[in-house]
Amino acid sequence: MESQSILIKNANILNPIGNGQTETKNSDLLIVDDKISEISAGIDESSADKIIDASDKILMPGLVNTHTHISMSLLRGIADDLELDTWLNDYIWPMEAHLSEEYCYIGALLGACEMIKSGTTTFSDMYFYMDGVARAVDEIGMRAVLSYGMIDFGIEEKRENEFKENISLIKNHHNTADGRITARFGPHSCYTASVDLLERVRKEADKYGVGIHIHMNETMKEINDVGEAHDNKRPFELLDSIDFLGEDVVAAHCVWLDENEIKLIKDNDVKVSHNPCSNMKLASGAAPVGELLSQGICVGLGTDGASSNNNLDMFDEMKFASLLQKVSTLDPKVLNADEVINMATINGAKSLGIDAGTIAIGKKADLILVDTNHPNMTPQSSSLASNLVYSANGSNVDTTICNGKVLMENRKLLTVDEDKILSEAKRAILEMKELREAESE
């Protein structure tokens, strides 16, 4: 296959470099195939197959969404203004009983469209009918880490089915789509998965050489329920007692943590996915992100599903992450813009084992261009990071590139028919609602 190259000219580059720091520079950038090949001023235009003029635009890494349920885009707005337990038991789970691979495929395409149009190039997903999700990712061109949501409630037959589903996902889709799709195990949580399931997940993850994606410490009810069922152990203490924790574990939420659990997270190099919008909407609480970062813990950002957010815009997530920490600690200096940019890019990439999240030669070409020629981006702040976190939103993203391929340019999706996807999504949710109503009669 002949190499393909893209030259981005006149770029105002914002580059997260880790440890809550960013750097800026004006330069050209050359992409060859799926990687960044050169970063310098005045790159010869004859060296590229395609040229993109980045004047009046900020070039930055594509955003990394570390916790989603992408097919839940079909359930957007189906149940709002409720606490987690009621939301799940009375609304979400009854609707999910009518899911199918086709519906999850359509929902994944819908969510992927939204993410590409708001600057996300990679997402980590836990849900059902993951063959359909993988098909959507392959078609649309994003990068994804997929896991099957494993729930057994202590029932052996169900447990065996959950392993069958997740192992099938790994065997069929891990390292597929030119390496854009990888797979993990996805035990839902300590309150929906038995100790037997959790212990076996650790063994199987080691066997297949893949990571683990799990919900942790999202609500006080969860803490209390786990304690009652497991000799007063808190969730992270339970997982530590069965040697579950490790650097390959991404723990979503982590709202209610005590000092010992924070130590367990740090000592085991567990990665945390912070989901501020979902945590606020469900009134779950405010995760101690400032404390986690101060301990050197890797914290990324996630949107959670579109039914508890209700969008997948990581620019929203960045702003709310910063503001939630400030208001919950009464300290305006906590979680500054540079730290949030790092969470949404380089930290997320590290959490998921992705060779992206920063702009450097040899890194994967997962990049976005943010158009500053908009009223909400004018005048420009002296800090590009501040402008992006506090002023920008997903609609300011002009161009999205993943794995060296342009997925959106001038706000137009190039790999799929957006109008067709919207039409199919509307049809799917109407059919699911009709099935649910017929069941209730």
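Modeller: Let's start with burial: a residue is buried under 20% relative accessible area, exposed over 50% and partly exposed in between (1.4 Å probe, protein chains only). Take Glu418, which counts as partly exposed at 24% relative accessibility.

Colleague: What kind of model is this?

Modeller: This is a predicted model, where local features need pLDDT of at least 70 and side-chain atom pairs count only at pLDDT 80 or more, while totals for chains, interfaces and linings use all residues. Numbering runs from 1 along each chain as its sequence is written, and side-chain values use heavy atoms, with hydrogens and water left out.

Colleague: Now salt bridges. How many does the structure hold?

Modeller: You look for a side-chain nitrogen of Lys or Arg within 4 Å of a carboxyl oxygen of Asp or Glu. The structure holds 24 of these.

Colleague: Which residue forms a salt bridge with Glu418?

Modeller: That would be Lys117, and the closest N and O atoms are 3.2 Å apart. Lys117 sits in helix H2 (residues 101–117) and Glu418 in helix H14 (residues 418–440), so this pair ties together parts that lie 301 residues apart in sequence. Helices (H or I, at least four residues) and strands (E, at least two) are DSSP runs, numbered from the N terminus. Lys117 itself is buried, with a relative accessible area of 17%.

Colleague: What about Lys281, which residue does its side chain meet in a salt bridge?

Modeller: Lys281 meets Asp80, at 2.6 Å from N to O. This pair links distant parts of the chain too: Lys281 is in helix H9 (residues 276–281), Asp80 is in the loop between strand S6 (63–68) and helix H1 (84–96), and 201 residues separate them. Both ends are partly exposed, Lys281 with a relative accessible area of 25% and Asp80 with 31%.

Colleague: And within a helix, how many residues apart are Arg427 and Glu431 in H14?

Modeller: They are 4 residues apart, which means about one helical turn separates them. Arg427 and Glu431 form a salt bridge, with 3.0 Å between the closest N and O atoms. Arg427 is partly exposed at 27% relative accessibility, and Glu431 is partly exposed at 26%.

Colleague: On to aromatics. What describes a pair of aromatic rings?

Modeller: The distance of the centres and the angle of the planes. Here rings of Phe, Tyr and Trp (its six-membered ring) pair if their centres lie within 6.5 Å; planes under 30 degrees apart are stacked, over 60 edge-to-face, and the rest tilted. That gives 5 aromatic pairs. One of them is Tyr127 with Phe128, a tilted pair at 4.9 Å centre to centre and 35 degrees between the planes.

Colleague: Are Tyr127 and Phe128 buried or exposed?

Modeller: Tyr127 is buried, with a relative accessible area of 3%, and Phe128 is buried too, with 18%. Another tilted pair is Phe185 with Tyr208, at 6.3 Å centre to centre and 50 degrees between the planes. Phe185 belongs to strand S9 (residues 181–187) and Tyr208 to helix H5 (residues 195–208), 23 residues apart, and the pair links distant parts of the chain. Phe185 is buried at 0% relative accessible area, whereas Tyr208 is partly exposed at 23%.

Colleague: Which residues form one aromatic cluster?

Modeller: Tyr127 and Phe128 again, together with Tyr148.

Colleague: Is the peptide bond from Asn309 to Asn310 cis or trans?

Modeller: It's cis, with omega near 10 degrees. Asn310 falls in the loop between strand S13 (299–301) and helix H11 (314–329). The bond from Thr378 to Pro379 is cis as well, with omega near -5 degrees. Pro379 lies in the loop between strand S14 (367–371) and helix H13 (384–391).
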